[in-house]
Amino acid sequence: MSEAERSTGLAPQAEAATGSHQGSGHVARHPSPKEYVRIAIILAIITAAEVAIYYIEAIEGLLIPLLFLFALVKFALVVLWFMHLKFDSRTYARFFMMGLAGAITLFLIVLLTFRVFAR
Amino acid sequence: MEIHAQESEHLATSTGLPNIKLAMWLFLASDCMLFGALISTYVLYRGASVVGPYPNDVFDIPYTSVSSFVLLASSLTMVLALAALQRGDVGRSRVWLLATALLGMTFVGGQVYEFTTFAHEELTLTTNLFSTSFYVLTGFHGTHVAIGILMLLTLLMFSFSGRLGPEKAETVEMVGLYWHFVDIVWIVIFTVIYLIPTGNPA
Amino acid sequence: MASVSVRAERPRGLLRRPTATTGFWSWFTTVDHKKIGILYGITAFAFFIIGGSEALLIRLQLARPDQDILSASVYNEMFTMHGITMVFLVVMPLSAAFFNYLIPLMIGARDVAFPRLNAYSYWAFLFGGLFIYSSWFLGGAPNGGWFGYPPNATVDPSLGMTFYSLGLIITGIASTVSAVNLAVTVINMRAPGMTLFRMPVFIWMGLVVQLLLAFSLPIITIGLTEMFFDRRFGTHFFDPAAGGDPVLWQHLFWLFGHPEVYILILPAMGIVSEILPVFARKPLFGYQFVVFSGIAIGFIGFGVWAHHMFAVGLGPVANTAFGISTLIIAVPTGVKIFNWLGTLWRGDIRFTTPMLFSVGFIAMFVIGGLSGVTHAVVPSDYQQTDTYYIVAHFHYVLFGGAIFGLFGGIYYWWPKVFGRMLGERVGKLNFWLMLIGFNMTFGPMHILGLQGMPRRVQSYPESLGLSFWNLVSSIGAFLIAVSVLIFLVNAVASFRKPKEMEADPWDARTLEWTTTSPPPEYNFDEVPVVHSLDELWHRKYSQTQGGRVVPVPAGGSGEAHGGGHAGGHGIHMPGPSYFPLIAALGLPIAAYGLIFNWWLVGAGMVPVLAGFYGWILEPSAE
C-alpha cells in the first residue's frame with residue numbers, strides 16, 4: 001500500500017476525484033475495519049439495552065427519555081462514523097442538517113398545533 | 001484551478017467535492033422531510049384509533065429487535081465493503097457487499113413475515129388508524145430497503161463482471177450512504193413506533 | 001465541428017446509442033441543457049394557453065349573474081385544473097426553462113452536473129402533466145381545488161382527485177430530481193474565479209429555489225400518498241369517523257404550498273434583477289442585500305405556512321405566531337423592492353420590452369404584496385379568507401409578478417436562445433395590453449372580495465350587486481387573451497427573420513452574452529475565467545476618475561471568441577441517450593396501473609428498470 005493509500009485509505013485516482021486534500025484543508029481519515037466493528041458492537045449493546053429497559057417496569061417514568069437518548073446516540077454513531085460525516089467536508093453535514101433540523105422543527109410545530117403532547 | 005471538460009469522474013469542482021456525493025447528501029437531506037412527514041403522521045394518530053387491534057395487541061418486541069440487529073449489522077458489512085474496496089481488496093468487498101444484500105433481504109423478509117402475522121391477527125391496511133399509519137410508514141421504509149437491495153445486487157453484478165475496482169469506490173460509497181440512511185430511519189422507527197408505549201384507548 | 005461529429009456508434013443489444021444532436025429525433029434523446037430548457041419552455045407555454053383557456057371559460061361563466069354556461073361540477077373541474085395547470089405546469093416549468101438554459105451559461109459551465117438526469121426530469125414532468133390532463137377523458141378531471149382539501153377530496157366519487165394525487169407525485173419526482181441536479185451544478189460547477197458572491201442574482205435565486213424544492217416536495221409527496229391511499233385503498237388518514245384529521249392534510253399541503261409560492265416568485269425576481277441593471281446601465285443596487293433577502297425569504301418561507309389556515313381553528317397562539325412570521329417575511333421582500341428602485345434611480349434607462357415587463361413586475365408585485373400584508377393580520381384575514389380578495393392577491397403576485405417577470409425574461413433572452421430578436425413594437429403592444437387587461441381582470445376582485453363574493457362559486461345571484469365588477473373582470477380576461485395572442489404572433493414572426501444575432505445585442509453584464517447567439521453545444525470555446533461580479537461588463541467597460549463609464553479599448557466580448565470557427569476541438573460533451581425518456585415513461589404507466597389494473601403497474605416497472613439499467617451501463621460520454 002502506498003503512502004497516500006495508507007494515509008487516506010484511497011487509491012490515488014479515487015483520492016484525487018474525491019478531493020480529500022483540497023478546499024477545507026481537512027485530511028480525510030478513514031476509520032479502520034476494527035473501529036467499525038467496535039462501533040457496531042456499541043450499536044448492538046445499545047439496542048439490547050433499549051429492549052431491556054422496555055421490560056423493566058421499575059423505571060417506567062424514565063423509559064421515554066432513555067429511549068430517545070439511546071436512539072440519538074445510535075443515530076449519531078451511524079451518521080458520524082458509518083456515513084463518515086465526522087471525517088468529511090462540513091458541506092455535507094450542513095446540507096444534511098438542513099434537512100434533519102428542518103424536518104424535526106417543522107413537524108414538532110405541526111404536532112404542537114394538534115396538542116399531541118398535551119394529551 | 002482549471003476545468004477540463006473530460007470524463008465527469010475527474011472533473012475538478014468548485015468545492016473540491018465530487019458531484020455525486022454532494023447530490024446524494026442533498027437527496028438524503030430531502031428524504032428526512034419525507035420520513036418526517038410519515039413519522040409525524042404516525043405520532044399524531046397514536047392512541048386515536050377507534051377500533052382495535054392496537055399496537056400492544058400485535059407488536060412482538062423481541063422479534064422486531066432481531067430485525068433491528070440485522071439492519072445494524074448490514075450497516076457494518078456495508079462500511080466494511082467500502083473499506084475493502086478502498087484498500088483495493090476487490091474479493092473482500094464482494095463478500096461484504098453480498099453479506100449486506102443478504103442481511104437486507106433478511107430484514108425485508110422479516111417485515112413481510114411480521115405483516116403477515118399482523119394480518120392474521122386481523123390488522124390489515126384499512127383496519128384502523130393505527131394500521132393505516134403503521135403500514136404506510138413501514139411500507140415506505142421497506143420499499144427504500146428494497147431499492148437499496150436492488151442497488152447492492154447491481155453493484156455485485158458489476159463486481160462479478162470485473163467492473164467494480166477501487167476506482168469505483170465512490171459509487172459504492174454512494175450506495176453505502178443511502179443504505180446507512182435507511183438504517184438510521186429504522187433506528188427512529190424502532191424507537192418511536194415499537195418501543196415507546198402506546199396505551200390502548202379505554 | 002469536433003463536438004458534433006466525434007461520436008462512436010456502438011450497438012448495444014437492441015438499441016444503438018443515438019448520436020444526432022440536430023434534427024427532429026434529437027429532441028427526444030437530448031441531454032443538452034439548452035435543448036431541455038427549450039423543451040420546458042415550449043411545453044410550459046402550451047399549458048399556459050390551456051390554463052388560460054380554462055380561465056376564460058371561468059370568466060365567461062362569471063361574466064353575468066346566474067349563468068349556467070358551465071355546470072357546477074364542470075366549474076369545479078375548471079377552476080381546479082386552472083390552478084393546477086398554472087402552478088405546476090406553467091410557472092414552475094417556465095422557471096425551469098430559464099434555470100436549465102441559463103444556469104450553466106451564467107456560471108461558465110458546459111452543462112449541468114447530471115445531464116441525463118436533467119432530461120429525465122423534463123420527460124417525467126411532461127408525462128405527469130399529460131397524465132393529469134388525461135383525466136378529462138378517463139373519469140373526470142380533478143375537481144377538489146388545486147389544494148385538494150379532504151374530506152371533499154378523499155370522498156369525491158369521480159376519479160379526478162386520484163389522478164391529481166398520482167400526477168402531482170410524478171411531477172414532484174421530476175422537480176425533486178432536478179432540484180438536486182441544479183443545486184449541485186450551482187455549488188460545484190462554477191467557472192474558475194466565480195466565487196459565490198460573484199454569481200449573478202439569478203443564479204442565487206436559482207440555488208434558493210432548488211433547495212426550497214428539495215425540502216418542500218417530499219412533504220406534499222407524503223400528503224398526496226396518504227390521499228391516494230385513502231381514495232384507492234380505503235385507509236383512514238383523513239377520515240374523521242376513524243379518528244383521522246383532515247387538518248393534517250392542510251399542514252402537509254401548506255408546508256409544501258407556502259415554500260411553493262416562493263419557488264414561483266424567486267425565479268422572476270432573479271430575472272428582474274438581471275434585466276434592470278442592463279437597461280439602466282447601472283449595477284444592481286445593493287447586490288448583497290438582494291442576495292441575502294432571497295435567502296431570508298427562502299428560510300422564513302418555511303415558517304409561515306399556517307397563514308393559509310387562520311380560519312381552521314388552530315387557536316390564538318398558533319395564529320399569532322404565524323401572523324407575526326408572515327409580517328416578518330414582508331421585510332426582506334421590501335428590501336428587494338427598494339434595491340430594484342435604487343437600481344433604476346438615476347440610471348440611463350432604455351424602456352425596451354424586457355424593461356417594461358420588469359418595471360411592471362415591480363409595480364404589480366408591490367400591489368400584490370400589500371394585499372398580502374393585509375392577510376397577515378389575522379382578524380383581517382378572517383374577513384378576507386375564501387373571498388375574491390385573496391384571488392386578487394395571489395393573481396397580482398403570480399401573474400403581475402411571476403408571469404410578467406418571466407415574459408420579461410422571454411423578451412430579454414430570446415435573441416440568445418433563438419438568434420433573433422422579438423419585435424420591439426409588437427412587444428410593447430404585448431406589454432401594454434397585458435398590463436391593462438391584467439389590471440382590469442384582477443383589480444376589481446379586491447372590491448368583489450371585500451363586498452363578500454366567495455371563492456369557487458359557480459354563479460352568484462343578481463341581488464348581491466356583484467355583477468358590474470364581474471363583467472369588467474371578464475372583459476379584462478379576454479384582453480389578456482388578446483395580448484397573449486399578440487405575443488404568439490411576435491414569436492412566430494421572429495422565426496421569419498434571419499438567424500444572425502450578435503453575442504451581446506443588449507450590451508449586457510453576464511457571461512451568457514460572451515458566447516454566440518445561440519451558443520454552441522459546448523457553450524464556450526474556452527471556459528471563462530471570472531474576476532468580478534458582472535464579469536462581462538467589467539471586460540467591456542472601466543470607470544474613469546470622474547466615475548464615467550468608458551469602454552475598454554480592446555477588451556470585452558466584441559465578437560464571441562471563435563464564434564464556432566476556432567472552437568470545439570477536443571471538447572467531449574455527454575452523448576444523447578434514450579434511457580431518460582424510457583425510464584420516465586414507466587411512471588405514468590404504473591400510475592394508470594395503480595388506478596385501473598395491477599398488471600399495468602408491473603408493465604410500468606419494465607421501462608423504469610430497463611431505463612435505469614441501460615442508463616447506468618451506458619457511459620455518459622463516448
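Modeller: Axes are lines fitted to C-alpha atoms, for helices over the stretch in contact, and angles run from 0 to 180 degrees between N-to-C directions. Helices are DSSP runs (H or I, at least four residues), numbered from the N terminus. This is a predicted model, in which local features need pLDDT of at least 70, side-chain atom pairs count only at pLDDT 80 or more, and totals for chains, interfaces and linings use all residues. Residues are numbered from 1 along each chain as its sequence is written, and chains are lettered from A and ligands numbered from 1 in the order in which they are written.

Now the packing. Helix 1 (residues 19–44) of chain B packs on helix 7 (residues 160–188) of chain C at about 135°, with axes 9 Å apart. That angle makes helix 1 of chain B oblique to helix 7 of chain C (under 35 degrees is roughly parallel, over 145 roughly antiparallel, 65 to 115 roughly perpendicular, the rest oblique).

Which residues meet? From helix 1 of chain B, they include Leu22(B), Leu26(B) and Phe27(B); from helix 7 of chain C, they include Val180(C), Val184(C) and Ile187(C). Contact means C-beta atoms, placed from the backbone, within 7 Å. By class, this helix contact has eight nonpolar, four polar and no charged residues. Ala, Val, Leu, Ile, Met, Phe, Trp, Tyr, Cys and Pro count as nonpolar, Asp, Glu, Lys and Arg as charged, the others, Gly among them, as polar.

Chain B also touches chain A, with 44 residues from chain B and 46 residues from chain A. Helix 1, helix 3 (61–87) and helix 6 (169–195) of chain B each give two or more residues to that side. Helix 3 of chain B gives the largest share, 13 residues.

Terms used:
Two residues are in contact if their C-beta atoms, placed from the backbone, lie within 7 Å.
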